[in-house]
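Subject: Structure handover and findings

Hello,

Here is the structure for you to look over. My notes follow below it.

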Amino acid sequence: MTIRFGVSPIAWINDDMPELGGDTPLESVLADCQAIGFEGVELGGVFPRDPAVLKPLLDRYGLDLVGGWYSGNLLPHSAEDEIAALQPHLALLKAMGCTVFIHAETSNAIHGARDTALSATPRLDAEGWTLFGARLTKVADYIAAQGLKFAYHHHLGTVVERPQDLEAFLSATGPSVGLTVDTGHAALGGVDPVALIRAHPERVAHVHCKDVRREVFQSVIGQKGGSFLDGVLAGMFTVPGDGGLDYAAVMQALAEINYSGWIIVEAEQDPAIANPRQYGEMGLATLKKEAAATGLRAA
């Protein structure tokens, strides 16, 4: 089993809130990623989408493209319409040699709405899950036929947020629908990421590692009824090693299921408060230490 460590550029430039690092040059982000020691980086909003431009840019910094978030619209659209819409994204991933397709349903998501309380997260009924699951499975089957792992990203403020959402999601979808296990979104959604990995090893297609500050989440979201972005700005997320999650247990669970693939350091924070390079170094050092202790082997 082989793992590789990558990073999300969201710590430097936040696509949901461009005011957070939006004026940071992409080259500065890539230089930091290289200096920290990451092998790969996920797509961000400021990345060029032409592989003839993107590949030499990443090569200059010794970085591979891991993949990148795709915003799905399967609740209002058919699987066929979704497959047609995702072609440019898929073509870029294939041209860049990516192995994973990260997908999240955003047609009714609220995580990007600063004025909408997280408590207003959309929910699906039984009929909705059946329809959504069937469409998602068709898309995932197609992606698998194209040679990539389909990795659905559960996320606060979206239809797959809570334990009951996740169980309904897993029941409604076929085996081609893998998961981007996001430790931070799982924990704050009430899902134990370690238990999730152990319970559904065949679904673990990609891993995002962010840590959490539960006291911030409880204050901003639980007590004040804030939005997802309110929580981000207040600091409910951080990198592994700086919050309350047990990354020794996370790495142990991944070792137990013989996980092979990317492990991504990710934390939505204000870069003016949390220096991305310093926090990136902390996150990577924590994951490398805990992974090595379990026998997970880096490439």
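Helices (H or I, at least four residues) and strands (E, at least two) are DSSP runs numbered from the N terminus. Please bear in mind that this is a predicted model: local features need pLDDT of at least 70, side-chain atom pairs count only at pLDDT 80 or more, and totals for chains, interfaces and linings use all residues. Residues are numbered from 1 along each chain as its sequence is written, and side-chain values use heavy atoms, with hydrogens and water left out.

Helix α9 covers residues 214–223, and Val216, Phe217, Val220 and Ile221 are buried in it. Buried means under 20% relative accessible area, exposed over 50%, and partly exposed in between (1.4 Å probe, protein chains only). Those four cover an arc of only 95 degrees around the axis, so they lie on the same side of α9. The arc is taken from the directions from the helix axis to the C-beta atoms. The face turned away from the buried side of α9 carries the exposed residues Glu215, Gly222 and Gln223.

The buried residues of α9 pack against α7 (183–188) and α10 (228–234). Contact here means heavy atoms within 4.5 Å. Gly231 lies in helix α10. Gly231 is buried, at 0% relative accessible area. Leaving out residues up to four places away in sequence, Gly231 touches Val216, Val220, Ile221 and Met236. The C-alpha atoms of Gly231 and Val220 are separated by 5.9 Å, with the two residues 11 apart along the chain.

**α2**

In α2, the buried residues include Leu54, Leu57 and Leu58. They cover an arc of only 95 degrees around the axis, which puts them on the same side of α2. Ala52 and Arg60 are exposed, on the face of α2 turned away from its buried side. The buried residues of α2 pack against α1 (26–36), β2 (40–42), β3 and α4 (87–95).

**Pockets**

The search runs on a 1 Å grid over the protein atoms alone: a cavity is a set of points where a 1.4 Å probe fits but cannot get out, a pocket is an open set with protein on both sides within 12 Å along at least five of seven lines, and lining residues have an atom within 4 Å of a point. Grid points are joined across faces, edges and corners, and a volume is the space filled by probe spheres set on the points.

The second largest pocket holds about 190 Å³ of space. It has 15 lining residues, and Arg4, Asp64, Leu65, Gly97 and Trp262 lie nearest its centre. α2 (51–60), β3 (64–67) and β11 (261–265) each supply at least two lining residues. Ala, Val, Leu, Ile, Met, Phe, Trp, Tyr, Cys and Pro count as nonpolar, Asp, Glu, Lys and Arg as charged, and the others, Gly among them, as polar.

The largest pocket has a volume of about 420 Å³. It is lined by 23 residues, the closest to its centre being Ile10, Asp15, Asp16, Leu43 and Trp69. Its lining splits into 6 nonpolar, 10 polar and 7 charged residues.

**Cavity**

The whole structure has 1 cavity of 30 Å³ or more. The largest cavity has a volume of about 60 Å³. Its lining includes Val7, Trp12, Val239, Glu266 and Tyr279. Helix α12 (residues 276–294) gives the largest share, 3 residues. The lining divides into 9 nonpolar, 2 polar and 1 charged.

**Cysteines**

The search finds 0 disulfides in the whole structure. A disulfide is a pair of cysteine sulfur atoms within 2.5 Å. The closest cysteine sulfur to that of Cys98 is in Cys33, 15 Å away and too far for a bond. For Cys209, the closest is also in Cys33, at 16 Å, again too far. Cys98 is buried, at 8% relative accessible area. Cys209 is buried too, at 0%.

**One more backbone point**

Asn258 is not a glycine, yet has a positive phi of about 55 degrees. It is in the loop between α11 (247–256) and β11. Asn258 is exposed, at 54% relative accessible area.

Best wishes
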